[in-house]
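Have the viewer open as you read.

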Amino acid sequence: MENPTETEVLGPQDVARAAQLLRAGELVAMPTETVYGLAGDARNPESVAAIFAAKGRPAHNPLIVHLDSLDAAERFAALPAPAHKLAQAFWPGALTLVAPLRHGHGLAQAVTAGLPTVALRVPAHPLARALLAEFGGPVAAPSANPSGRISPTTAAHVMAGLAGRIAAVLDGGPCPVGVESTILGFEDETPVLLREGGISAERIATVLGDAPRAHSGAGISAPGQMLSHYAPSAQVRLDVSTPRDDEIWIGFGPDCADAALSLSPSGNLEEAATTLFATLHQADAMGRPIAIAPVPRSGIGAAINDRLRRAAAPRD
Ligand code: TXA
Ligand code: MG
């Protein structure tokens, strides 16, 4: 690295310091209810370039812009009617909406990777909300991990991946939801599911009347959904009920009492989402191949299975 910096570890009392760093164009990892985000001023091209550089992220993969309210979101994008309804139901929370940029939005062009749309989210975590309020502007924040690796759900995960590459991490403890936000785009006014996440398709259907359409690859662009992602260094096998002797077995539910680690000993999907990335980080540190028990696909189980499939996918 050209300019090694000492990464400051900040606490809840240091929100003003974190906001000051953002105003100075620096990067600060912030806790959200889903995963830690690598925050930078979304209007500052240098901050946005620094986010891509710190993560080693391909430039074609756009960032989510975090805001403190639906009113603020409407200044940046024209939300279609169903987006408005979903924002009212789920913001602040683990939902990201992709909508056409408004003229004069003022965001750095690299945030959207040159697309005519922008991904917007109002996070619920109290420290993220405090930082957004104190900063008073749009914050670009991808997950705070090196590109392609396991997402961070603690400040220690952030430090393990990015220490020396970012100005600070705001430590808010473990993230309660544990998987990233659900991303919805709109084709005309029809909601299209671009990424499964913290708000399940079932919950979205209770608001819209119908489940969002699955993304077909046609129509709207969903860059950045790489098949290999969230990847530990070790090899990963899925849906394993009988692990090999050399494998670290990650269980789910009471049938996996012999497992070295468990996503949820009682078989609770919300708990499994919360523990997912920390368990993968932990298993990876044990330096052996990883085998993971089957996890049901209902509710937030869809997002868990999506992340597991990418963690197990062949690498380049
Ligand atoms: O929960 C989350 O969403 C976390 C926290 C920090 O908020 N953030 C997160 O960001 O997961 P990231 O960068 O890891 O994932 C952002 C995703 C990428 O898959 C990207 O391609 C997609 O959002 N995205 C961003 N802008 C888009 C756009 N205009 N159209 C389609 N997809 C977009
Ligand atoms: Mg990510």
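Ala113 sits in the loop between β5 and β6, and its phi is positive, about 50 degrees, even though it isn't a glycine. Strands here are DSSP runs of E with at least two residues, helices are runs of H or I with at least four, and both are numbered from the N terminus. The peptide bond between Trp91 and Pro92 is cis, with omega about -5 degrees.

A word on the ground rules: this is a predicted model, where local features need pLDDT of at least 70 and side-chain atom pairs count only at pLDDT 80 or more, while totals for chains, interfaces and linings use all residues. Residues are numbered from 1 along each chain as its sequence is written, chains are lettered from A and ligands numbered from 1 in the order written, and side-chain values use heavy atoms, leaving out hydrogens and water.

Now for the ligand. Ligand 1 sits in the largest cavity, meaning that more than half of its atoms lie within 2 Å of the cavity's grid points. A cavity is a set of points, on a 1 Å grid over the protein atoms alone, where a 1.4 Å probe fits but cannot get out; a pocket is an open set with protein on both sides within 12 Å along at least five of seven lines, and lining residues have an atom within 4 Å of a point.

Around ligand 1 there are 26 residues, with Thr34, Asn61, His66, Ser181 and Pro223 coming nearest; to count, a residue needs a heavy atom within 4 Å. β6 (117–121) is among the strands that give at least two residues to this shell, and its three are the largest share. As for polar contacts (pairs of N or O atoms within 3.5 Å), a polar side-chain atom of Thr34 is 2.7 Å from a ligand 1 oxygen, and one of Arg195 is 2.9 Å from an oxygen of ligand 1. Thr117 has a side-chain N or O atom 3.0 Å from a ligand 1 nitrogen. The protein buries 97% of the 680 Å² that ligand 1 exposes when taken alone (Shrake-Rupley areas, 1.4 Å probe).

Finally, the second largest pocket: 13 residues line it, and Thr117 is one of those nearest its centre. β5 supplies three of them, the largest share.

Conventions: A polar contact is a pair of N or O atoms within 3.5 Å; within protein, one must be able to donate a hydrogen and the other to accept it, and residues adjacent in sequence count only if both atoms are side-chain atoms.
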